Each structure stands twice: as C-alpha cells, then as structure tokens.
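Trainee: I would like to work through this entry with you, one question at a time. Could we have the sequence and the structure in view before we start?

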Amino acid sequence: MASPSASISRIRAPLHRAISSSLSTTRSYATVPTNTPEPSSSTKPARRPTYFKDTAIASFDEFLPNSSSEPLAPTDAFQLRTAEVGPASNRRTITRLPEWLKTPIPAGNANYKKIKQDLRGLNLHTVCEEARCPNISECWGGSNKNAATATIMLMGDTCTRGCRFCSVKTNRAPPPLDPHEPEHVAEALARWGLGYVVLTSVNRDDLADGGARHFAETIRKIKAKKPSLLVEALTSDFYGEMDSVQVVAESGLDVYAHNVETVEALTPYVRDRRATFRRSLQVLERAKASKGSVITKTSLMLGLGEQEHEIMDALKALRGSGVDVVTFGQYMRPTKRHLKVEKYVTPEEFEMWRQRALEMGFMYVASGPLVRSSYKAGEAFIENVLRKRAGETGAATDISSKLGETVALGETAKTEGV
C-alpha cells in the first residue's frame, strides 16, 4: 500500500502543470490605454447637412381650386407660371400647373371611400386608380353612389406592355387570370345600380387570345344580372388578332372603345412599339363590321408635341374607319420616368378641336383639359343615344327620370365644351 505522502505528490504534479500552463497562456493588450476619457452623454454625432425648409414655395391653397376667389382674366389664367426650386447650388426652374388643371382632393369624400371599399372587398381594380386619373373625385365623389362612374379594369393590374405615358405596372409574365372575376364584377355592378359602366383591361400578350374570351364572359355575366345596364368595353388591340376583336364585339356590349392615344407620327415614341396607329384603326373597323349597331369610340391626348395638321389627319382617318365618338384630353405626366409634357393646351384650343370634330361628322366629341376616354359626360350622352335607339325600335317604351338627368348632363357638357 502506498504511503499518503506519495499519493499527495502524484496529485500535486499534474495540478502544478495545469496552473503553470494557464498562467503562460494568459493574453494581454500590446498597449494599455491610459487616461481614456469616458463618453459624455451630451456629445451627439454630427448630422448630415440637409436642405429641408419649413417654408413651402407657395401656400397649399395655391394648389387647390378656390371658388371664393375672384376668377382670373383669360390672359392671366392661360399664362403659365414658373417657380425656382432646389438648393442654392442646384436651382432649377419648373412650370407650375395651370389653373384649369387643378382638381379637388377626393380623400375626404364619403362616397369615394365607400366605392373604394366595395372594389377592394371584391378584389377589383379600376383604371381610375392605376392610371391616376385626375377626374376620380368627380366620377366617384358624387352625392349619390348610384350616379357614380368607375371604370373597372379586368385581368389584373399588371400590363405586358410599357407605354411611355402610362403608370400602370408592367411585367412580361403577369399573374394568371382570376376565373371568378367575371362573376365578381357583375355582382359589384348590380349592387351599385349603375345605368352605364366602362370595362377596360391591361394588355395581356401572354394569353393566346389576349384575354378576349375573359372580357366577353364578363360582359355576358353583367347582362345576365342586369340586362338594362349599358356596357362600354375599352379594349387593347389584341396584338392584331381580329378574331379576338370580334369575340368582344359580339358579346352583347353597347359601345366598343379602343384608343389611338396620339397622332400617327408620335405613336412609336408614345405607345409601346408593339402598338401601331394603323392596327388601332383596323380594330375599330372590325368592331364596327362585326356589329353595325355598336358605337365605336376612341381618344386622343394633346400636349405631346403633335402638330395641327397631324391631328386633322388623325381625325380624317378615324372618321374614315367609321368611328362615332372621339375625346380629347390633356396629357398629364404621371412620374418623372414618363414622357414630358410638351405643351399645356388651353381650354380655348380644346373647344376649337371639339367644333372641328363635330363638323367632320362625329356623333359626339368630349374635349377638355381633364377629359379622359372614360369621361362621364360623354358616357351620359352615349347613354342618351342608346336609350333613344332602344325606344325607336320598341325595345324600350318609356324613359326613366334617370334618362332625363342624363340628357341634361349631355347638353351641359356640350355647352361647357367638355
């Protein structure tokens, strides 16, 4: 048996080695800081210089129409004003929005909010929102929701083309179609009790028929739920597939609309390169040939640099294709990534083009700075024409009080030149 002293020695040896190795591996700093000042709570990091100012270029009232102020003289109202913006090192001159293009803000209107809730509840989109239409407060913000106008955009909110004037989202491969959309649209329109509705869509070049059958199915669903509802379809060119145009034209609609957007010379620069002026004329011609009773309609934007003779040539070509209704409106630049506005056309010039188009034989012309292709004054006039046609053929025996309001609105639009 080993002695206790030998056992203690055996234990002491490894313990001594462990303590020695731990002391030898202890690390220390190369230099030890001395007199290091403690961070002060009062010291703040330097802020990057900013050019923000609490004062605006002009008061907020200057950006809104003010009914209480005295109306400007024509010479003052039509004069474009400029303003200097930016920091002192990078000042630039911008053109202020003309008085005739200022519109009320729609956000506080209860009817506007109600219609928006209905659209979101059924997962529907409108071109009024996607294209940032300046008339959204007028069309959605009436005192009576049943008298409102909303242009429903079918087949999603993403387009396969990239026109240089349009703010709608683009993608080469947008999401697939919603098979329940035709039923949802018909349900929403039946709920509102409208007398006239506009359906439009994004371009869907990824689909074999461009979405024509989806469009036609939506129109048939609407007519099944409410046969008296007048339907206008604002379609794409379906990539030149005229059979698709015929499918939509024969679906039971009342107005077939397709926009040429601008004059022929500017088409390659304004629209997507897959769209042409001549193809648009062919679409309108085929729609008229497919169903002679259908009203055909198109729209032109002004302010993109077009010349007077080019507008006249475009009107002659449209009239030669049997187009019944044309609208003129001011091009408004959605964002800085889009085409610049070359000219703000005055209301007097819009009135001149309205008169010229009427003299050329168009059934109706809506012309004004804020007029868009889906403009409710024009829709009211077209509704009046369609109701009268129905009465003459015996399809309708009486005209409701709503039609009387429609006629009055159409006459007011003519008088005011909108």
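Trainee: Does Asp 324 count as buried or exposed?

Mentor: This is a predicted model, in which local features need pLDDT of at least 70 and side-chain atom pairs count only at pLDDT 80 or more, while totals for chains, interfaces and linings use all residues. Residues are numbered from 1 along each chain as its sequence is written, and side-chain values use heavy atoms, with hydrogens and water left out. The classes are buried (under 20% relative accessible area), exposed (over 50%) and partly exposed (in between), with a 1.4 Å probe and protein chains only. Because the relative accessibility of Asp 324 is 11%, this residue counts as buried.

Trainee: Which residue meets Asp 324 in a salt bridge?

Mentor: A salt bridge here is a side-chain nitrogen of Lys or Arg within 4 Å of a carboxyl oxygen of Asp or Glu. For Asp 324, the N to O distance to its partner is 2.6 Å, and that partner is Lys 288.

Trainee: How many residues apart in sequence are the parts that this pair, Asp 324 and Lys 288, ties together?

Mentor: Helices (H or I, at least four residues) and strands (E, at least two) are DSSP runs, numbered from the N terminus. Lys 288, partly exposed at 21% relative accessibility, belongs to helix H10, whereas Asp 324 sits in the loop between H11 and S11, so the parts tied together are separated in sequence by 36 residues.

Trainee: Which residue forms a salt bridge with Arg 286, and in which helix does that partner lie?

Mentor: The side chain of Arg 286 meets that of Asp 243 at 3.6 Å, N to O. The two are 43 residues apart, and the pair links distant parts of the chain, with Arg 286 in helix H10 (residues 277–290).

Trainee: Which residue forms a salt bridge with Lys 169?

Mentor: Lys 169 lies in strand S6 (residues 169–170), and its partner in the loop between S4 and strand S5 (158–159), so the pair ties together parts that are twelve residues apart in sequence. The closest N and O atoms are 3.0 Å apart, and the partner is Asp 157.

Trainee: How many salt bridges does a search of the whole structure find?

Mentor: Beyond these pairs, a network of salt bridges links Arg 161, Asp 205, Asp 237, Asp 272, Arg 274 and Arg 279. The search of the whole structure gives a total of 20.

Trainee: How many residues of strand S7 are buried?

Mentor: Tyr 196, Val 198 and Thr 200 are buried on one side of S7, as are Val 197, Leu 199 and Ser 201 on the other, and both faces are covered. Strand S7 (residues 196–201) is largely enclosed by the rest of the structure, because its buried residues number six of the six.

Trainee: Which residue of S8 is the bridge partner of Tyr 196?

Mentor: Strands pair if DSSP finds at least two bridges between them. Four bridges join S7 to strand S4 (residues 151–154), which runs parallel to it, with Met 153 and Thr 200 as bridge partners. Five bridges join S7 to strand S8 (residues 230–234), also in parallel. The partner of Tyr 196 in S8 is Leu 230.
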